[in-house]
Amino acid sequence: MSAASTRSRTPDRLCAEAVDLARAAAEEAAAPGVVGEHAGLVSEGDRVVTHFFECKELGYRGWRWAATVTRASRAKVVTLDEVVLLPGPDALLAPEWVPWSERLRPGDMGPGDLLPTDAEDLRLEPGYSGEDQPLPSSPVSHEMAELAEAEDAEVTPGAPATLPTVPSRGSIASVAEELGMRRARVLSRYGLHVAADRWDEAFGAKTPMAQAAPASCLTCGFLVPLGGSLGQAFGLCANEFSPADGRVVSLTYGCGGHSEAAVMPKPPQPAAPVIDETKVDPFPLRPAPDSGSVPALGDEETAELGHS
């Protein structure tokens, strides 16, 4: 059993009574008027007691001034050990510090920001460089790694002006670059699966938008196919009115902007007016005899009435 575990937790009487000594030490260390009432004490060990005083400093709500006093064995004089400002049970504390690599979220990167990747990043794997060993000036070469370790620096590709020049035409490196295989590292199978899971979670079949969609993206005319293995499950949305415009979407995703969900009929067009310019329509200057409400009578019929 250690000596620390055998110490008595009963406060020493003389140390416990040294409240004035602890207060004077706290007031000397703090600004004037910020040391409040005595808030209790705790035994730190044999003849070691810490007195707590309320802190009235603005911005330190719930904090306490802690003055630790002690005395030697068989001594009657209590002396000061240390004075510190400690948070209490209800103290206002800053959130726990999180490394930037765990704190970074998608969308946090802005113009000019650099996001370094770990040398052992599981999302990446070595690519094809065109040679059995990387070039001495390559960021992944052993010579550059030893130089960086000696200089206590980090290996970065540098500015575009310092990157290796384009390989000569007809070489293996030029063919590899044309095929897109000359990168130092490429996406690994794990990185591909992680990206696929992330895209499916954002724009997949389980999203509320897809659950209410009339049809899936597989039959949508706005879907742009992807090449490679990703094309078997994902595509690119090209509908400007869709919430996934310009995003990689799962073929099982869908929205109300599906091209075949509701086709608007063409609006009816009125018939064009017909004008026959080859025929002349006569318009009489006087009304016709039979156009009135009283029928017109001839001379024979009016003769009997004595009209001349």
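The following conversation goes through some features of this predicted model.

Biologist: Why is Arg 74 called exposed?

Modeller: Arg 74 has a relative accessible area of 79%, and because exposed means over 50%, the residue falls in that class. Arg 74 is found in the loop between β3 (63–70) and β4 (79–87).

Biologist: What makes the phi of Arg 47 and of Arg 74 worth a remark?

Modeller: Phi of Arg 47 is near 60°, which is a positive value in a residue other than glycine, and phi of Arg 74 is near 65°, likewise positive in a residue other than glycine. As a background, most residues other than glycine have a negative phi.

Biologist: How do you know which strands are the edge strands of the sheet?

Modeller: The sheet is open and has four strands in the order β1-β2-β3-β4, with antiparallel pairing. In this sheet β1 and β4 each pair on one side only, and they are therefore the edge strands. Neighbouring strands are turned by 25° against each other on average, direction ignored.

Biologist: What makes β3 and β4 count as a pair?

Modeller: Eight bridges join β3 to β4, which run antiparallel, and because a pair needs at least two bridges, the two strands qualify. Thr 70 stands opposite Thr 79 in β4.

Biologist: Which helix packs on the sheet, and which strands does it touch?

Modeller: Helix α2, residues 19–29, packs on the sheet and touches β1, β2, β3 and β4, while its direction makes about 115° with that of β1.

Biologist: Why can Leu 115 belong to a nonpolar surface patch?

Modeller: Leu 115 counts as partly exposed at 41% relative accessibility, and because patches are made of residues with over 30% relative accessible area, the residue passes that cut-off. Together with Trp 100, Leu 104 and Met 109, Leu 115 makes a nonpolar surface patch of about 380 Å². Leu 115 itself is found in the loop between α3 (100–103) and β5 (124–126).

Biologist: Why is Gln 211 called exposed?

Modeller: Gln 211, which is found in helix α7 (residues 208–211), has 58% relative accessibility, and because exposed means over 50%, the term applies. Not counting residues up to four places away in sequence, Gln 211 touches Ala 205 and Lys 206.

Definitions and conventions:
Residues are numbered from 1 along each chain as its sequence is written. This is a predicted model: local features need pLDDT of at least 70, side-chain atom pairs count only at pLDDT 80 or more; totals for chains, interfaces and linings use all residues. Side-chain values use heavy atoms; hydrogens and water are left out. Helices (H or I, at least four residues) and strands (E, at least two) are DSSP runs, numbered from the N terminus. Buried means under 20% relative accessible area, exposed over 50%, partly exposed in between (1.4 Å probe, protein chains only). Patches are made of residues with over 30% relative accessible area and no salt bridge: like charges are joined within 9 Å, nonpolar side chains (Val, Leu, Ile, Met, Phe, Trp, Tyr) within 5 Å. Accessible areas come from the Shrake-Rupley method with a 1.4 Å probe; for residues, only the protein chains shown count as cover. A salt bridge is a side-chain nitrogen of Lys or Arg within 4 Å of a carboxyl oxygen of Asp or Glu. Axes are lines fitted to C-alpha atoms, for helices over the stretch in contact, and angles run from 0 to 180 degrees between N-to-C directions. Contact means heavy atoms within 4.5 Å.
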